[in-house]
Amino acid sequence: CHACDAPGAPLFRQQRPPRDGVLTPTAQLSRPVIVRAAFTSAEIAEVDALYREVMSADAQMRPGEEYTQHPNCLGSRETCHNTVLLHARRLVDAKLPHILAKVVRTMCAADAERGWDLLGDPRVAVSLRVLEYHEYTRGGEVQDPHHRDGGSLVSMSVLLNDTGSFTGGEFTTRELSGETRHYDLRRGDAVVFQSEKYHSVQVVE
């Protein structure tokens, strides 16, 4: 989930560039916020069901094609990393508006807690740039050490699986010192961070 401040604007518009000073090294020095039990099992089940609905619909569209056909899907069908764009065509607005609202509240609260002041006054409408569902199977990863969410201000990643169901796949950030920092997340936990901070998902084993 990537957010920006947008007084009076609808959700999911294209956001403006980050404010001066948000880029490296300021973002690399920033500390992410861990929000324990940010989302309940019931809420996760709702998001999972929406993901499966989209993937099922895609499977019925030109099944012989190598690449996904559904407008909310991204990439190849034969992959260990599937991505569904829940924000596209305002899908999450229509299907899960309460989840969308909670995402925005959680990111605004973390922004205020750290004093980043990237999302502005929390009483003002916030625009969510993208909301993506990522499924990693064995071999799936995003290990680019310089991966960042360019064009966004604040990002959030939520663990949707029980940690006992897989190995690897840790969320990590790269610090200004070059250190790779690992985060101990459990199902439903969220990590909120400045979007320009380098972050990765280690390979799922």
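Strands β4 and β6 pair antiparallel over five bridges; two strands count as paired if DSSP finds at least two bridges between them. Strands here are DSSP runs of E, at least two residues, and helices are runs of H or I, at least four, all numbered from the N terminus. This is a predicted model, where local features need pLDDT of at least 70, side-chain atom pairs count only at pLDDT 80 or more, and totals for chains, interfaces and linings use all residues. Residues are numbered from 1 along each chain as its sequence is written, and side-chain values use heavy atoms, with hydrogens and water left out.

The sheet is open, with three strands in the order β3-β4-β6 and antiparallel pairing. Its edges are β3 (73–74) and β6 (132–136), each pairing on one side only.

On the β3 side, β4 (residues 81–85) is joined antiparallel over two bridges. These two strands make a hairpin with six residues between them, and glycine 75 in the turn has a positive phi of about 95°.

What stands opposite threonine 83 of β4? Leucine 74 does, and in β6 the bridge partner of threonine 83 is histidine 134.

β4 is mostly covered, with four of its five residues buried, meaning under 20% relative accessible area with a 1.4 Å probe, protein chains only.

Finally, helix α2 (residues 41–59) packs on the sheet and touches β3, β4 and β6, contact being heavy atoms within 4.5 Å. The direction of α2 makes about 100° with that of β4; axes are lines fitted to C-alpha atoms, for helices over the stretch in contact, and angles run from 0 to 180 degrees between N-to-C directions.

Terms used: Buried < 20%, exposed > 50% of the residue type's maximum accessible area, 1.4 Å probe, protein only.
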